[in-house]
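Welcome, and please load the model in your viewer with the sequence panel open. We will go from one selection to the next, with a short note on what is there at each stop.

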Amino acid sequence: MKDSHYDVVIIGAGMSGLAAGIRLAHFGKKVCILERHNAPGGLNSFYSFAGRKYDVGLHAMTNYVPPGVKGTPLGKLLRQLRIERDEFALCPQKQSRIAFRDCGLKFTNDFAVLDAEVAAKFPPQAAGWRQLVETVRTYDDVSLDAKPLSAREVVGRHITDPLLADMIFCPVMYYGSAQERDMEFGQFVIMFKALFLEGFARPLDGVRVILRVLLEKFRAAGGERRMQCGVARIIEEQGRAARVVLDDGTELTASHVISSIGFAETLKLCEPPHAAEAEANTGALSFIETISVFRRQPADWGWGDDTIIFFNDSDRFDYSRAKEQADIRSGVICLPNNFAYGQGQLPEGIFRVTCLANYDLWAHLPEEQYQADKKHWFDAAVRSARRFLPPVDDAVLAQAQLATDMFTPRTIKKFTGHFNGAIYGAPRKIRNGRTHLPNLYLCGTDQGFLGIVGAMLSGISMANYHVLQGSARS
Amino acid sequence: MTKDDCKKLVIDIISDIAPDEDLTAIKPEIKLRDQLQLDSMDFLDIVMELRKRHGIEVPETDYGQLASLESCAEYLTPKFAQKS
């Protein structure tokens, strides 16, 4: 039975799905976003627990440029979604660091700072570094059909000191690589620009500010959104995605289906199935993240300067699936208090640590063991990260601690649906968004524009390319 | 509709698409791209907004006609006239 027909059905109310929805609804398409959970945001969401608000996903919004800088992803996305810059209320970072055992590089939203750090600490690499930066600046990273290149190989042509190469790769990989040890050069360029040539910012109230803006735009444009409404199957008839069957058995039909839930995850919904293709491009990289809430500001302990710290203490930076439940040799520290909020400040101190993890070793634990292991790795990750911050007595921290929380690969799987809790999805991205069915497209993580600005641009690009441009031509 | 009315409608559209651009001193004969930072996504939006707001269709082969404000007016004014 057909309950309803839409021009476009979008699966997933994350950043990319919402952005695609806004574009389509604005131009008069009858569009419905289907979201399995009761909260929007997908990978970048928020929750309340014991009276406190937490963000998941977002450490910092990358791609930040100050007002007046044009032609960058942030500006494009604001224009395409008809969002006023002030609506996102972005506050820039203070500074961030790449902290390796014997070497540190500071960077800010002013690229000259990192440029000078590299020249001062790696004098023989300075010329190669400039060439690399030039290559990145001139590379067409939004091409939808570029030939894949190894980023390790391209970077290696310019940077011959493995320590410097690893230090550059560490933030770039942690903030978006779905591939182990290497990444596609186009992906590298997107992240290098997003982190180093552009920069970090955050609204004082976190990711919910951005989501609220998107939800309101979508609603005002006439879009429909169904929450707690998962898609169980996409049924192929006569070579097209003909029907979408919801978890409760309801059927929808649509001229176009845009899925933001991932490549393998989407193929797995298709009937007839495409299991082998899905299997061959499933991500393996997952994370744990600890969150500690303190009654004091991080600045009280001399932790007030750094917004994000990317740390590593192994000889070579090893970005791969953890061999144990978590790999605490490297990771990312986020101190959300340390953005330039002007008059405002978060009421409590927040300290987050993210490390690589192994989904399989978390997935099937009995509850009691799971809780015990979470506690073990919480302490281990925090201890490892604190080595890269000014020392503070354990007792002082413990006394100031108000609450903790933690996510594991299991949490990621539960809330994003990504196989293996693979936060950045499939290792091979599908840049043109095409699938085996001509009216079923991908957007979001597995289309491959990274970061939350990238995710929104992905939704925009796929809506434009597959639906709006086509109808503008007809 | 006069050509000046038509130019005004196009400027209204651009000001919504690119509110961060200064549109007060646009020279009608000079290409929009050379005076404003507009990319292909923005030009697609001009086409889409013309259709949404005014029911005017611009086929892809004619996108070049929208290069400057003057050429927009030249190309679009007869289309508005046909419609009314």
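**Before you click**

This is a predicted model, so local features are reported only at pLDDT of at least 70 and side-chain atom pairs only at pLDDT 80 or more, while totals for chains, interfaces and linings use all residues. Residues are numbered from 1 along each chain as its sequence is written, chains are lettered from A and ligands numbered from 1 in the order in which they are written, and side-chain values use heavy atoms, with hydrogens and water left out.

**Stop 1: the interface of chains A and B**

Select both chains and show the residues in contact (heavy atoms within 4.5 Å). Chain B brings 19 residues to this contact, and chain A brings 19 residues. The buried area, meaning the accessible area (1.4 Å probe) that two parts lose on being put together, summed over both, is about 1700 Å² here, and carbon and sulfur atoms give 46% of that. Now highlight Met41(B), Leu44(B) and Met48(B): they supply 30% of the area that chain B buries against chain A, more than any other three residues.

Next, turn to the charged side chains. A salt bridge is a side-chain nitrogen of Lys or Arg within 4 Å of a carboxyl oxygen of Asp or Glu, and eight are found across the interface of chain B and chain A. One to zoom in on joins Asp42(B) and Arg79(A), at 2.8 Å from N to O. Polar contacts are pairs of N or O atoms within 3.5 Å; within protein, one atom must be able to donate a hydrogen and the other to accept it, and residues adjacent in sequence count only if both atoms are side-chain atoms. Between chain B and chain A, twelve residue pairs are in polar contact, with both residues at pLDDT 80 or more.

Which helices of chain B each supply at least two residues of the side that touches chain A? Colour helix H1 (3–17) and helix H3 (40–54) of chain B to see them. H3(B) gives the largest share of that side, eight residues. Helices (H or I, at least four residues) and strands (E, at least two) are DSSP runs, numbered from the N terminus.

**Stop 2: Arg352(A)**

Move to strand S17 (residues 349–357) of chain A and pick Arg352(A). Is this residue buried or exposed? Arg352(A) is buried, with a relative accessible area of 3%; buried means under 20%, exposed over 50%, and partly exposed in between (1.4 Å probe, protein chains only). Its side chain makes a polar contact of 2.8 Å with the side chain of Glu289(A). A polar atom of the Arg352(A) side chain also lies 3.0 Å from the backbone oxygen of Leu58(A). Leaving aside neighbours within four places in sequence, the residues in contact with Arg352(A) include Asp55(A), His59(A), Thr290(A), Val332(A) and Cys334(A).

**Stop 3: helix H8 of chain A**

Select residues 207–220. This helix, H8(A), has 14 residues and reaches 20 Å from first C-alpha to last, close to the 20 Å expected at 1.5 Å a residue; the expected span is 1.5 Å times one less than the number of residues. Its buried residues include Val207(A), Ile210(A), Leu214(A) and Phe218(A). Just after H8(A), Gly222(A) takes a positive phi of about 95°.

**Stop 4: backbone details in loops**

Start with Arg82(A), in the loop between helix H2 (73–81) and strand S5 (90–92) of chain A. Its phi is near 55°, a positive value in a residue other than glycine, and at 17% relative accessibility Arg82(A) counts as buried.

Then go to Gln238(A), between strand S10 (231–237) and strand S11 (240–246) of chain A. Gln238(A) also has a positive phi, near 50°, but counts as exposed at 83% relative accessibility.

Finally, pick Pro272(A), in the loop between strand S13 (270–271) and helix H10 (275–280) of chain A. The peptide bond from Glu271(A) to Pro272(A) is cis, with omega near 0°.

**Stop 5: cysteines**

How many disulfides are there over all chains? With a disulfide taken as a pair of cysteine sulfur atoms within 2.5 Å, the count is zero. Cys170(A) has its nearest cysteine sulfur, that of Cys355(A), 11 Å away, and Cys170(A) is buried at 0% relative accessibility. In chain B, the sulfur of Cys72(B) is 7.2 Å from the closest cysteine sulfur, in Cys6(B), which is too far for a bond.
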